[in-house]
Amino acid sequence: MKHIFEQGTSSSAPTLVLLHGTGGTERDLITLGQRISPGSSLLSIRGNILENGMPRFFRRLAEGIFDEEDLVFRTKELYDFLDEAAAQYGIDRRNFVAVGYSNGANIAGSLLFHYSDAFKGAILHHPMVPLRGLALPDLSGTPIFIGAGTNDPICSASETEELQQLLGGTGADVAVHWENYGHQLTASEVNAATKWFQVHFPA
């Protein structure tokens, strides 16, 4: 998978796995990652799917309707890539924290839904419920931050609450931060995610 790896200054800080939104690239969230955890290594990945020329991490049938078969396939593809990248760059696979926005948050959520060891923690900006009717793994104690919009036209408040309940049911430690700015990623949401990260992953 196309990606950028930037070695961090702290060997103990988690490696941030950066996952862009629809139409983004592996360069989109580098600044965000540096803001959240200045000492972390960054592994920023580009989705392997193109939708009308826009990179994505998995196919969809329509707005808000996922191609579930492709989502499952791409979830395993990304999981395997994370294993390969850890070996390639000599970084601790057990110390990965996801930072995803929109489509990137959805693929990160799917990884959490499928694997108990995908991430040590996750920051999900404006995610949806990736799949329903799935037996979820034990995520006891895994810290997860969800950034959401009370008036998000793509991801409704009820969808956010459903995702919170599903992840909470796995034993994960889920925090939801609400904004009033629709689907966009705001500075105040980034500040909230950064403060949350500092509490759960102190330098």
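**Note on a predicted model**

1. H126 counts as buried, at 2% relative accessibility. Buried stands for under 20% relative accessible area, exposed for over 50%, and partly exposed for the range in between, with a 1.4 Å probe and protein chains only. H126 sits in the loop between strand 9 and strand 10, and its phi is positive, about 60°, although H126 is not a glycine. Helices (H or I, at least four residues) and strands (E, at least two) are DSSP runs numbered from the N terminus.

2. The model is predicted: local features need pLDDT of at least 70, side-chain atom pairs count only at pLDDT 80 or more, and totals for chains, interfaces and linings use all residues. Residues are numbered from 1 along each chain as its sequence is written, and side-chain values use heavy atoms, with hydrogens and water left out.

3. A positive phi, near 55°, is also found at N52, a residue other than glycine. N52 belongs to the loop between strand 4 (49-51) and strand 5 (54-56). Is N52 buried or exposed? With a relative accessible area of 77%, N52 is exposed.

4. N106, in helix 3, is buried, its relative accessible area being 5%. A polar atom of the N106 side chain lies 2.7 Å from the backbone nitrogen of M128. Leaving out residues up to four places away in sequence, N106 touches F58, F66, P127, M128 and P130; contact here means heavy atoms within 4.5 Å.

5. The largest nonpolar core has 40 residues, and I45, L82, F119, I144 and L167 have the most contacts inside it. A nonpolar core is a set of buried Ala, Val, Leu, Ile, Met, Phe, Trp, Tyr and Cys residues joined through side-chain atoms within 4.5 Å. Elements that each supply at least two residues of this core include strand 2 (15-19), strand 3 (42-45), helix 2 (68-89) and helix 4 (157-168). Helix 2 gives the largest share of this core, 7 residues. Another core, of 18 residues, lies apart from it, with L18, L32, I123 and A192 among its members.

6. Neighbours within four places in sequence aside, L167 is in contact with L112, F113, L139, I144, I146, A172 and V174.

7. D83 is placed in helix 2. Its relative accessibility is 34%, and D83 therefore counts as partly exposed. The C-alpha atoms of D83 and R94 are separated by 9.8 Å, the two residues being 11 residues apart along the chain.

Methods: Polar contact = N/O pair within 3.5 Å; in protein donor to acceptor, adjacent residues only side chain to side chain.
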